[in-house]
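Let's walk through this structure together, one piece at a time. Have the viewer open and follow along as we go.

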Amino acid sequence: MNSLTAQTYDVANLRSDFVKTYGGNADDVLLYSSPARINIIGEHIDYNGGLVFPAAINRYLYVALRKRKDSKIVYNDLRFPGRYEFSTEDNFAFDKKNDYANYLNGILSQLKEKGYKFDRGFEILMVSNIPAGGGISSSSALECGFAYAVSDAFGFNIDRVEIAKLGQMSEHNFMNVNCGIMDQFIISVGKKNTAVALDCNTLKYEYAPLELGDYRFVVMNTNKQRRLADSKYNERRSECEAALKLLQDGGVKLSALCELSSDEWEKNKALVGGETLQKRVRHCVSENQRVKDAVAALKDGNLEKLGVLLNQSHESLCKDYEVTGIELDTLAHCAQKQKGCLGARMTGAGFGGCAIALVHKDCIEDFVENVQKEYSAAIGYKAGFFACESGDGVRKIE
């Protein structure tokens with residue numbers, strides 16, 4: 001099977017690998033895991049007051065930590081080159097040459113700002129089974145896994161929602177990336193066999209059962225660099241803001257587009273001039289309803305309904321929000337017609353990145369072969385694939 005999957009690593013070996021790296025006693029080494037994530041449905045509406053519906057998946061980054069007797073901080077990773085040394089006394093600042101260590105130092109900088117103090121240094125060894133650059137949030141897994149590890153090891157007892165906020169603030173204030181909070185949130189609060197319906201503005205959330213039975217989510221990576229994603233993202237936000245202002249100026253009382261029901265939108269859409277702005281609002285309103293319908297479908301154990309919603313979401317993102325492109329459309333449309341596939345859609349910012357499909361486990365091998373063949377013929381290079389199940393959020397491995 002063509003696969004995006006990273007080499008698998010058995011976490012049972014991490015303590016012994018830690019001792020090989022640092023020496024000393026394995027008994028003092030603490031182990032933690034942090035998952036990747038997918039967003040099942042709810043795309044491009046988080047900044048319009050809508051809901052997202054992510055799940056943690058069973059691809060993990062592992063963090064091994066041991067306290068030192070001095071103030072030194074040491075980072076190592078089994079797969080990424082570079083040993084990095086710092087001190088608990090440092091004023092941490094972003095430095096390109098520090099590579100992955102910047103994600104860890106970003107967390108430490110936010111902890112220091114909040115007044116948390118380290119009475120000694122520590123050593124870290126990490127390894128990941130999350131495909132890097134696979135569009136399933138390996139960087140947020142790194143941030144939240146590390147934040148949870150140091151919080152637990154040093155007795156800070158930071159709750160899971162605050163762990164998510166730490167990850168986001170590290171991105172904003174240290175990495176200079178103005179990201180949302182969905183990735184960090186689901187990685188922090190996720191539970192196996194559940195997905196989370198999250199309002200990214202209020203951080204109100206609800207668990208929904210994610211009992212997939214014989215089905216698995218297959219992540220499909222276009223392997224295309226997303227050159228357009230940032231500029232088009234800003235363009236879509238501006239269009240939504242313009243449409244919102246037209247509705248407000250027309251007397252509709254709302255603070256975000258997703259506050260509109262379908263009926264309310266139909267009554268007031270004449271206030272939004274121009275086909276383009278109307279399409280943007282239609283996506284926001286319909287996608288938010290699809291999230292609610294997906295939660296209801298999973299509570300009823302209706303995977304077929306979920307599959308229909310996935311297909312509808314992709315169609316809306318393609319036709320009304322116009323953020324897909326030929327690569328994502330090829331993956332989704334080819335996936336949708338395969339035996340054993342209940343539904344498929346793009347996920348993420350669009351214009352490249354990933355799509356997901358809900359596929360019967362007995363059909364996955366043929367599914368990948370068939371979609372790969374059609375994608376390669378249409379696009380000229382291969383996509384990447386891996387199947388996954390739901391997983392637990394950040395946790396200590398006993």
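In this predicted model, begin with two helices that pack against each other: α10, residues 326-336, and α11, residues 364-379. Two packed helices are described by the angle between their axes and the distance between the axes. Here the angle is about 145 degrees and the axes lie 9 Å apart. The crossing of α10 and α11 is right-handed.

Which residues make up this contact between α10 and α11? From α10 come Ile 326, Glu 327, Thr 330, Leu 331, Cys 334 and Ala 335. They meet Phe 367, Asn 370, Val 371, Glu 374, Tyr 375, Ala 378 and Ile 379 of α11. Sorted by class, the contact has 9 nonpolar, 2 polar and 2 charged residues.

Now turn to the sheet. It is open and built from 6 strands, in the order β5-β4-β6-β3-β1-β13, with mixed pairing. The strands β5 (84-87) and β13 (395-397) stand at the edges with a single partner strand each, so one side of each has no neighbour in the sheet. From one strand to the next, the twist averages 30 degrees.

Strand β4, residues 72-77, runs antiparallel to β5, and 4 bridges join the two. Ile 73 stands opposite Phe 86, which belongs to β5.

Helix α1, residues 14-22, lies across β1 (30-39), β3 (54-67), β4, β6 (122-128) and β13. Relative to β6, α1 runs at about 130 degrees.

Next, find His 283 in helix α8, which covers residues 275-299. Is His 283 buried or exposed? Its relative accessibility is 0%, so His 283 counts as buried. Leaving aside residues up to four places away in sequence, His 283 touches Glu 43, His 44, Ile 45, Arg 290, Ser 316, Leu 317, Asp 320 and Tyr 321.

Finally, zoom out to the whole chain, which has 11 helices and 13 strands. Its radius of gyration is 22 Å, close to the 21 Å that the globule rule gives for 398 residues, so the chain is as compact as a globular protein of that length. The C-alpha trace spans about 70 × 50 × 40 Å along its principal axes. Of the 398 residues, 56% are buried. Among contacts between residues at least 6 apart in sequence, 72% join residues at least 24 apart.

Notes. Residues numbered from 1 in each chain as written. Predicted model: local features only at pLDDT ≥ 70, side-chain atom pairs only at ≥ 80, totals over all residues. Heavy atoms only, no water. Axes fitted to C-alpha atoms, helices over the stretch in contact; angles between N-to-C directions. Left-handed = near helix turned anticlockwise from the far one by under 90°. Contact = heavy atoms within 4.5 Å. Nonpolar A, V, L, I, M, F, W, Y, C, P; charged D, E, K, R; others polar. Pairing = 2+ DSSP bridges. Rg over C-alpha atoms; globule rule 2.2 N^0.38 Å. Buried < 20%, exposed > 50% of the residue type's maximum accessible area, 1.4 Å probe, protein only.
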